[in-house]
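Subject: Structure handover

Hello,

Please find the structure below. My notes on it follow, with cut-offs given where a term first comes up.

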Amino acid sequence: MSVPFGAVVVTYFPTDEQVANLHSLAASCPRLCVVDNTPQVDGWHLALVDAGVPVLHNGNRGGIAGAFNCGIAELEAQGAELFFLLDQDSKLPPGYFDAMCEAATVARGREGEREGDAAFLIGPLVHDTNLDALIPQFGLEGKRVYQFDLRQPFTEPLMRCAFMISSGSLISRGAWAKVGRFDERYVIDHVDTDYCMRALSCEVPLYLNPHVVLRHQIGDIQARSLFGWKIHFINYPAARRYYIARNALDLSRAHVRAFPAILFINVYTLKQILPMLMFERDRLKKTIALVLGCFDGLFGRLGGLIEAHPRVGKYLSRSE
């Protein structure tokens, strides 16, 4: 007997193509819940509702963390025992849900608990369509974190891992009960990292399913050549720079004793500084956001940027 599952798709100003993708997902997922973080209700909501897909207008309350919480609560009320998290542009390979549910069956067997009580998280291999390459994956042995050699074939159905991104991942109902809701104080960036750290702290295992690959665009990466070197940059808005720096530092402070490898999430922040200063727009605004994010991260000041810093937050959040 298959385990009842459902998927949460978070939308934010979706394009017509992405709305069409939601209709396609509804055909392969028996319980699809769309949570729209766009500030205003749009006309495409009604077409999905008419097709039997609930659309919850979250209005970006609590950011992506708030949307996840809202959607999973809806799926749980519908009787789902596995909760998938998807982005609005997620295009799943054929048989994706079946393959991930089979992996969940393997994970339940390892945990040795009743179906509804087994606590675990599972993520796929992720192929970054920007770089046309698999993103690095990290294994976990005790507290030791190591990088998988993705050039070698995997022989095990599941591999213990240390981190996973939210897109394409699944959370069992047992893990949701044990770990709890996503922390809305982080708003957007590293929301999934925080959940992984809390899961490991609760002894809830994270698994990589190396036999399923999800194609996913991680940001809008651009490249420039400098003296023969190809330099990549994403051109995130200033507010995103704030959250990336702040949340990485706050998570490092919170988990460094238990998981020293958490410090490496700050490398991403550092690697983006030089390309940002060289090639991106609004460099002054983004530098202010970065410095402010580091300050708040070191002192544990969380929550929405505008709520924490009303005047500066409005300036940094202003459209570019």
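A search of the whole structure turns up four cavities of 30 Å³ or more. A cavity here is a set of points, on a 1 Å grid over the protein atoms alone, where a 1.4 Å probe fits but cannot get out; lining residues have an atom within 4 Å of a point. Volume is the space filled by probe spheres set on the points, which are joined across faces, edges and corners.

The model is predicted: local features need pLDDT of at least 70 and side-chain atom pairs count only at pLDDT 80 or more, while totals for chains, interfaces and linings use all residues. Residues are numbered from 1 along each chain as its sequence is written, and side-chain values use heavy atoms, with hydrogens and water left out.

The largest cavity holds about 60 Å³ of space. Its lining consists of Leu-85, Leu-121, Met-164, Ile-165, Ser-166, Ser-169, Ile-171, Phe-182, Asp-192, Tyr-195 and Cys-196. H6 gives the most to that lining, with three residues; helices (H or I, at least four residues) and strands (E, at least two) are DSSP runs numbered from the N terminus.

Two of these lining residues, Phe-182 and Tyr-195, also form an aromatic pair. Their ring centres are 4.2 Å apart and their planes at 25°, so the pair is stacked. (Rings of Phe, Tyr and Trp, the last by its six-membered ring, pair if their centres lie within 6.5 Å; planes under 30 degrees apart count as stacked, over 60 as edge-to-face and the rest as tilted.) Phe-182 lies in the loop between helix H5 (173-179) and helix H6 (191-201) and Tyr-195 in helix H6, so the pair ties together parts that are 13 residues apart in sequence. Both residues are buried, where buried means under 20% relative accessible area, exposed over 50% and partly exposed in between (1.4 Å probe, protein chains only).

Phe-182 also belongs to the largest nonpolar core, which has 44 residues; Phe-182 is among those with the most contacts inside it, together with Ile-72, Leu-121, Ile-171 and Leu-206. Such a core is a set of buried Ala, Val, Leu, Ile, Met, Phe, Trp, Tyr and Cys residues joined through side-chain atoms within 4.5 Å. A second, separate core of 32 residues includes Val-19, Leu-25, Leu-32 and Leu-48.

Leu-25 also lines the second largest pocket, as do Phe-5, Tyr-96 and Phe-97, among others. A pocket is an open set of grid points with protein on both sides within 12 Å along at least five of seven lines. The volume of this one is about 160 Å³. Helix H1 (16-28) and helix H4 (96-111) each supply at least two lining residues, and H1 gives the most, with four.

Over the whole structure, the search finds 14 aromatic pairs. In one of them, the rings of Tyr-146 and Phe-148 have centres 5.4 Å apart and planes at 80°, so the pair is edge-to-face. Tyr-146 is partly exposed at 23% relative accessible area, and Phe-148 is buried at 7%.

Two charges sit over rings, meaning that NZ of Lys or CZ of Arg is within 6 Å of the ring centre and within 35 degrees of the ring normal. Arg-240 lies over Tyr-236 at 4.4 Å from the ring centre, and Lys-285 over Tyr-315 at 5.2 Å.

Regards
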